[in-house]
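Dear colleague,

Please find the structure below.

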Number of protein chains: 2
Amino acid sequence: MMELVQIGVIRSPYKRQGDAPRQGRLADIESEIEVFPEYLDGLADVERCSHLILLYWLDRADRTMLKAIPPGQPAERGVFSTRSPNRPNPIGFGVVDLVAVEGGTLRVRGLDAFDGTPLLDIKPYSSEVDAIPGISVGWMENMKRNPGT
Amino acid sequence: MMELVQIGVIRSPYKRQGDAPRQGRLADIESEIEVFPEYLDGLADVERCSHLILLYWLDRADRTMLKAIPPGQPAERGVFSTRSPNRPNPIGFGVVDLVAVEGGTLRVRGLDAFDGTPLLDIKPYSSEVDAIPGISVGWMENMKRNPGT
C-alpha cells in the first residue's frame, strides 16, 4: 500500500563502503541526479532553486535494526537518534547545492549517497521552514563516515 | 520492493483541508507522535535531541500529478520545484522542536501534518549538515497553506 516508485538514479563517485566523505555536505564532490523520462515534467522550474532536498532509497540498509553503535562511540543507541542507514524505512535525506540542470540531469554538490542509489523525491529547500541554526548533535558526526540518511 | 512500513501515527489538531497553518514551523501548535510498540527500541536516546526530522506518508496525495498551481500563483510548476503533497512519492518532511518524550509518545512543535498521518521515520536534526541559511523560495510560501511535504 505504501509502495514507492523509483523516479531516477543517483550517479556518484562513491562505489562502496568507505568511499564516502565524513560529511557529504562539507565535501566539494559533485554527483549527478538522473530523473527518468516519465517524470521530467515534474522538473519544470527546478532550475530556479539554489538548494534542494533529496530523498532516496538506501538499498543496502538492514531494515531489521533498531539499535546502532555509532563508530567511535562506546554504546549502542536507538536508530531514531542516529543517522544510520539501518532503520525500518531506509529513506536517505540530503540537502544539496544545485549546480546545474542539463535536461533530465541535475548536477549537485554535498551529497554522500552511493552510486546507483534509487531517487525518490526532490523538494525545494527553504531556510524559513527547513533551517534551524545552531543545533549540534555530538555523536551524530561519527555516523556519517559512510553514506547514511 | 520499496515497500514502507508504518512505524507510528501523528496526532494533530489538523483534521481536514484548511485547518493547517500557513507555515507549520512558525506556528506554536503541538502535535503528538505515537511510535508503535514494536519500534520503541529505536527511540532510545531520542530525548537527547532538541530538534528532529520527521518523515511521514501523505496518504491523501494524488501521486499522478507532475504539475501543480501554487495558490496565488499565475502558472503551474513542476511538482519537484514545489512542496505540494501531490507528487509520485508523497513523503512529507518536517523539522520539529522536540518538547517531551513520554514513553512511546513524542510531543513536538512545528509540524503541519494531518491527524492520523502514518509516521515513517525519525532522525536527529543537525544544523551542521541540514541547515543552509538565507535560502528563500518565493513561490513556495503559498504552497504551505495546507499540509504538504
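This is a predicted model: local features need pLDDT of at least 70, side-chain atom pairs count only at pLDDT 80 or more; totals for chains, interfaces and linings use all residues.

Two strands are said to pair if DSSP finds at least two bridges between them; strands (E, at least two residues) and helices (H or I, at least four) are themselves DSSP runs, numbered from the N terminus. In chain B, six strands form a closed barrel in the order E1-E2-E7-E6-E3-E8, with antiparallel pairing.

Residues are numbered from 1 along each chain as its sequence is written, chains are lettered from A and ligands numbered from 1 in the order in which they are written, and side-chain values use heavy atoms, with hydrogens and water left out.

I turn now to the interface. In chain B, 64 residues are in contact (heavy atoms within 4.5 Å) with 64 residues of chain A. The buried area, meaning the accessible area (1.4 Å probe) that two parts lose on being put together, summed over both, is about 6200 Å² between the two chains, and carbon and sulfur atoms give 59% of that. On the chain B side, B:Met2, B:Phe80 and B:Ile132 lose the most area to chain A, together 14% of what that side buries.

There are six salt bridges between the chains, each a side-chain nitrogen of Lys or Arg within 4 Å of a carboxyl oxygen of Asp or Glu. One of them joins the side chains of B:Arg77 and A:Asp45 (3.7 Å, N to O).

Yours sincerely
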